[in-house]
Amino acid sequence: MADLRNNFVGIKSPNPFWLASAPPTDKAYNVERAFKAGWGGVVWKTLGEEGPPVVNVNGPRYGAIWGADRRLLGLNNIELITDRPLQVNLQEMKQVKMNWPDRALIASIMVPCEEESWKAILPLVEETGADGIELNFGCPHGMSERGMGAAVGQVPEYIEMVVRWCKQYTRMPVITKLTPNITDIRQPARAAKRGGTDAVSLINTISSIVSVDLDSFSPVPSINGRGSHGGYCGPAVKPIALNMVAEIARDPETHGLPISGIGGVTTWRDAAEFLALGSGNVQVCTAAMTYGFKIVEDMITGLSDWMDSKGHQSLDDICGRAVPNVTDWQYLNLNYIAKAKIDQDLCIKCGRCHIACEDTSHQAITSMVDGVRKFEVMEDECVGCNLCVNVCPVENCISMEALAAGVLDERTGKPVDPQYANWTTHPNNPMARQAAE
Ligand SMILES: Cc1cc2nc3c(=O)[nH]c(=O)nc-3n(C[C@H](O)[C@H](O)[C@H](O)COP(=O)(O)O)c2cc1C
């Protein structure tokens, strides 16, 4: 059996699945249930400084994007940090940590960008027995307007400064949570490293407006006819998060800096991809909010079964394995050639591959062959772009096949399918037929 035990900057958990700082980790009731379901750790919903807690909107705070099957693809929120009193959160954290000593409990913190504020809260958090802290430099809404969250995360000098304070005033490991609302994610990661951070976590949510109500002309979610940008997360943001994780993992200046991967993790596969791109563990929010805490069971068994099937014994065997294969465009092998191939037994003859190729790409897929509706790839026209694979509604119906070296047309340098070598005059070519008529 694969060993899923995780050691992230010295913080141990039985598996690499942590709940990200958000509503699922806002109170002891939730976190107790999460640990019972099997989560390896939690990052407690972000704590603010002592004093009157923040006040959230009392109307809808979420908007969403769905797939055609109503599966939730992207979630947008305008929620602030915790709206519960600091002392209540601290007491609950202490109790939960005592009840679950083998699970990771991290305190997410966001206080004003002043040394005294950080100096004041760190001992209070340390006293709970929390295993570490996560600095929330990410929230793109509500808090950033108050000079916190993304307002700090977008200025590398501020990141470095706050991380330095935290390293100075606490012995707990410091995880710096980065905002994706920035042009080059390597800059804040480098700044965090300069400040002495133990790790970075990413991504927090992406600034977004998910939709506009066309009756009221209000952005959604609408609070009495008005809306504001929110933070986007869920499966839709995973590609952005993966790229940012990879950028940090392969940057010589931050190479080796531990990364906690966040953004759209819904299945064990998503988690494995984050790990392969250099994450030491993963954090999950939207998937838990959509499907409940028990999804962690599938994540654990799925990851474990896959590791067993591949002979990977521990997380170290997979962490960062894909990083050397991420490269800049100029280093891609232009002599590698792949062509689309359509499985005629699976083809439902919908014609989407043909129309996509015909209208927008390389005119490389037939619609008629010998007077019969048939979709075939003309290899000498196909540039292997993969669009047909992506628009085909039938999984595995169209696949990309790498051509063996040596089947190139010497004259054009392009691979040749002898069947279509003279396509311009070929009888299956509707243009050629038209010209002949
Ligand atoms: C409703 C909601 C509230 C959130 N609150 C916080 C927060 O207080 N602190 C924080 O660092 N991140 C917060 N997040 C961001 C998540 O921790 C996470 O970074 C983001 O949702 C991406 O992960 P996901 O795609 O798995 O949801 C919140 C997200 C949601 C949906």
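Trainee: Which residues is glycine 48 in contact with, leaving aside its neighbours within four places in sequence?
Mentor: In this predicted model, glycine 48 is in contact with Ile81, Thr82, Leu86, Met110, Val111 and Ile121, where contact means heavy atoms within 4.5 Å. The C-alpha atoms of glycine 48 and leucine 86 are separated by 6.9 Å, although the two residues are 38 apart along the chain. Residues are numbered from 1 along each chain as its sequence is written. Local features need pLDDT of at least 70 and side-chain atom pairs pLDDT 80 or more, while totals for chains, interfaces and linings use all residues, and side-chain values use heavy atoms, with hydrogens and water left out.

Trainee: Why is glycine 48 called buried?
Mentor: Its relative accessibility is 13%, and buried means under 20% relative accessible area, with exposed over 50% and partly exposed in between (1.4 Å probe, protein chains only), so glycine 48 counts as buried. Glycine 48 is found in the loop between β4 (41–47) and β5 (62–66), strands being DSSP runs of E with at least two residues and helices runs of H or I with at least four, numbered from the N terminus. Over the protein chain, buried residues make up 51% of the 437 residues, and the secondary structure comes to 13 helices and 20 strands.

Trainee: What makes the pair of arginine 84 and glutamate 92 a salt bridge?
Mentor: A salt bridge requires a side-chain nitrogen of Lys or Arg within 4 Å of a carboxyl oxygen of Asp or Glu, and here the N to O distance is 2.7 Å, so the pair of arginine 84 and glutamate 92 qualifies. Both arginine 84 and glutamate 92 are buried. By this rule the protein chain's count comes to 20 salt bridges.

Trainee: Why is arginine 171 said to be exposed, and what does its side chain meet?
Mentor: The side chain of arginine 171 meets that of glutamate 126 in a salt bridge of 3.3 Å, N to O. Arginine 171 lies in the loop between α5 (156–169) and β9 (174–177) and glutamate 126 in helix α3, so this pair ties together parts that are 45 residues apart in sequence. Arginine 171 has a relative accessible area of 62%, so by the cut-off it is exposed. Elsewhere, salt bridges that share partners join Lys45, Arg61 and Glu79 into one network.

Trainee: What makes Glu49, Glu114, Glu115 and Glu116 a patch?
Mentor: These four gather in a patch of negative charge on the surface, a patch being made of residues with over 30% relative accessible area and no salt bridge, with like charges joined within 9 Å and nonpolar side chains within 5 Å. Glutamate 115 lies in helix α3 (residues 115–126).

Trainee: Where do the centres of the positive and negative side chains lie relative to each other?
Mentor: The protein chain has 39 positive and 51 negative side chains, and the centres of the two sets lie 3 Å apart, with Lys and Arg counted as positive, Asp and Glu as negative, and His and the chain ends not counted.

Methods:
Areas by Shrake-Rupley, 256 points an atom, 1.4 Å probe, with all protein chains shown as cover. Charge placed at Lys NZ, Arg CZ, Asp CG, Glu CD.
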